[in-house]
Amino acid sequence: MFAALAVDAGRSVPIEALVDRVWDETPPADARGVLYTYLTRIRRILATARSAETVPITVGRSQTGYLLAADPDRVDLYRLRRLAEQAQGLPAEHPDRPALLGAAIDLWRGEPLDGLPGDWASRVREGLRQQLTRVLLDWADSEITNGRPGPVTERLTLAMDRSPLIEPLALSLMRALYFNGRRAEALELYARTRARLADDLGIDPGADLQDLHREILRGTLRPPAALATAAPTPSPAQPSAVVPTPVETEPEPPQRTSGGPGCQLPADLPDHVGCESEIARALIVLQPESTAAPVLILSGLGGVGKTALSIRLAYLLRHAYPDGQIFVTLSGRGRDPGEAIDRVLRALGATNIHQLPTLADKLGQYRAMLSGRRFLIVLDSAVSAEEVRPLVPGGPGSALIVSSRARLTTVPGAEHIEVPLLEQTDSVHLLNRIIGPHRVAAEPEATDALVEMCAGLPLALRIVGARIAARPHRRIARLAERMRDERGRLDEMAADGLAVRVSVGVGYQALDPAARRAFRLLGFLGVPSFAEWLVAALIGGSVDDAEELLEQLADARLVTALPDPTHRLLRYHMHDLVRLFAWERAVEEDADEALRAAVARVLATATELGERLNQRQPYAVPPLYRQTPLSVDVPTVPLPADHQLPGWLEVEASTLIVAVERAAELGMDVAACALADALVYASFAVRNDFVGWGRTHAAASAAARAAGNAVGEAVIACGIALLRYKEDRFVEAEQNFRSAIELFEAAGHEHGSAAARSGLGAVLREVGRHREAVPLLTAAADVLNRIGGDNAAAHATYGIGHCLRELGDDDEAVRLIGRAMEAYRALGHVRGEAIAARGIGLVHRARGELDDAQRWSVRAHELIVASGDELLACYTEQALAKVWFRQGDVGRALAPLERSLATCRRLNDRFGTALVQRTVGELHLAAGRPEAALEALRLAHDGWVELHHDLGAARTLRDLGAAHAAMGDVALAHRVWETAAATFRRLGTREAREAPGWHERWWCECAATSLVGPTVTGAQLV
């Protein structure tokens, strides 16, 4: 963070830029909050150093971001630049120039931003390396000019060790060695550099280096004036430790007409939009002042606008490269650099290509034509680095822009820019320019729909824009309507020789057969993002096989890699239009049975992974896919490593939801139901992912119903009922459980019927209908115990104990909950054991046995905290806090309750929110704060009413009555208590027997805390 500010010291850095610099493309969810934490720490550190500083360094806030307020001389980078600028203002022979440049390079110690990860740090680091190299070379030339080649040799030797392929370094070091009387070493350095360039890059040294080599061999290199009288220049006759390299001849530049090739660019695109930051960065990279020829590689998927951006840049740089702008479209074969060089030489105006038989001859001609000139070469549609590397200009002056779907990472000294998809606003802006602002303004919704379907791909936008512009009488909405059908969308994206299908097809045709098959299967499955395991399942191969295929697809820009360092997983994304092309190819080229088998393998593998991640939630409904004929008899593939699994579902959830929906769409009801049910216990119920839960179960239910799969339909009905239970929609939960019971019984499925009855009993006990719940839970427990459903039987047994506690049968409640707890412990079911321990604590608390209640509540809370279940921890913490304030320790209980309340709200747990809110009200009441109690209790009562939870509402009314009594409103307290008591009598809970004692209890408590005034008597309260 400090580095991100220091690089722009004195200038404001926007918050968005800081987030990008610190985290690249994977910021945390609360990135701004983390930034503020970092800023606070940085300010604290700076503050401790102020006493020693005459002018303190501070971090300030601007309108758009933050800035590091510091004297530029305090930042080594800015001091280096200032010294270099001072030196450049002096003549080459000025005696102060070497000292200024020497002071500048003395600031260069090690790597810039050493150890900082990420794209931003990498880009800045590379830019600083180039900048520092230029300063080093200026210093070396200045020292040599002033007659001091000795210090140069040592420093440049170290620099060459770090960067042996930078020819200007070799050039300066050869001069320094030669003028220092070390001619043999200079020649040896040339031979070593030449061999390294040939081996690593497949190129010869540039013209400047070759000319210097010849001058040293011939002894014609003239020393600077300051050295001419200081020492004799070594002669060619002096012995050399290296056999001189034969003098090479290079072709002379062809005779050309004045003006040269000039501008050979395609027409500029006046409607080009987007890529502002990429253009700004490219213009900096491509400035001709560099000591080495700048090289820029634009990469991205087909149709993203690489060619258009390269043309735009070439026009913006025309004045910087006055000798000509050359645009060459390469053949697309990519393995023959000679063909690419021929094309460029012709564009440069060479007429003697037929006289250049070898690649070396052509390269010599190319460098000779660029030498001392300023050309901008644009190579379009490069396929490989092999055809590009020889065309990197050998010396300063000229520049090279390359566009390619591949990243071409082995091109030396190149700056890489990934051309992004257009943002929504830029997409609308492009359509605006193509079809006119009036038509866009007239149909904004249709325009937005087209933009969404083009998904930021400029080629697609240009095509649909051209179609609209060609039909001024046709409404935009008509084309949008035709494109809504995904299966025909690519048909609509063709106009005047342009077609998205053709653009994507270029990359597809270049793949080998195995990669094509993987691509087709991914399109057929239709998931938005995916990892290696899914591709392995699709192809029926290993994860290693899948990784190699995905690398091919990524190189062809048919998928994009999305690293996820948080979970140590690598994922891939396929653009929507590319996915549609892949689906078309799958339907056209693959057999239906093979496609369905691939989808089945994915769902079987995902179901097995879900089983490994089963969180064993303490609900009465067990995972039913294991006890029903829903398994898919398809071999699965090797799965992610165990250390990757904790974060696996968090990133895979959206993919698995689409996989269930796709299977359901294909009529694969068994596989869809199995995975949907597995995901409940592995993911949805754990993270309260109600949206994903609802989508998978809606799709699976429809598929089961269409197939006449009654058992599958019943399983999914149980899952939907459990979803409604988790959403606190108890009426709908009851309806779905009753439907599931009917379906299971009609199918003769005893286990499923018992599980559904247990679930229905859980719903009824949750809303206080305990007398109805007990027979359901008892019947379920009997069946589940008999057929071996230990886990589910423990759930049902706990439920019976829960009901008996609420009905006032404490001894039997403790016995049954204790039995459930022992069963949970034997199964290793930590969550169930903790819930049971909490339940026993509640019995002791209701009986006033607070020490025992505290012991059991502490045990429950410790178990849940150790399990990492954030939501259940709110319930165990609420139970423990309630014991504390009943013991009189009010201050200890408030903070845990407030923390739990915030968590329940964040996780959308309405039941938990109402429960903890009511407990906060009880705490305020116990602390003698009736006004605060009223506020909290009213919020809790509203929550219970919204949930249609009569028991919770009645208990809150009881406490509200006490708060009104404490404030002296006896009549209102009496009315509220009567309403609550009526509910308790109807439900038969233990509070029905306690109601007559409320008046005396609260009178005593109010009197003890001096809350009841002298005009209120015990008789009035009664």
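Trainee: So how much of the protein chain counts as buried?
Mentor: Of its 1022 residues, 55% are buried, meaning under 20% relative accessible area with a 1.4 Å probe, protein chains only. This is a predicted model, where local features need pLDDT of at least 70, side-chain atom pairs count only at pLDDT 80 or more, and totals for chains, interfaces and linings use all residues. Residues are numbered from 1 along each chain as its sequence is written, and side-chain values use heavy atoms, with hydrogens and water left out.

Trainee: And how many helices and strands are in there?
Mentor: The protein chain has 47 helices and 14 strands. Those are DSSP runs numbered from the N terminus: H or I, at least four residues, for helices, and E, at least two, for strands.

Trainee: Which residues have the most contacts inside the largest nonpolar core?
Mentor: Among them are F519, W533 and L553, in a core of 182 residues. A nonpolar core is a set of buried Ala, Val, Leu, Ile, Met, Phe, Trp, Tyr and Cys residues joined through side-chain atoms within 4.5 Å. There's also a second, separate core of 38 residues, including L83 and M160.

Trainee: New topic: where does E387 lie?
Mentor: E387 is in the loop between strand 7 (375-382) and strand 8 (399-404).

Terms used
Buried means under 20% relative accessible area, exposed over 50%, partly exposed in between (1.4 Å probe, protein chains only).
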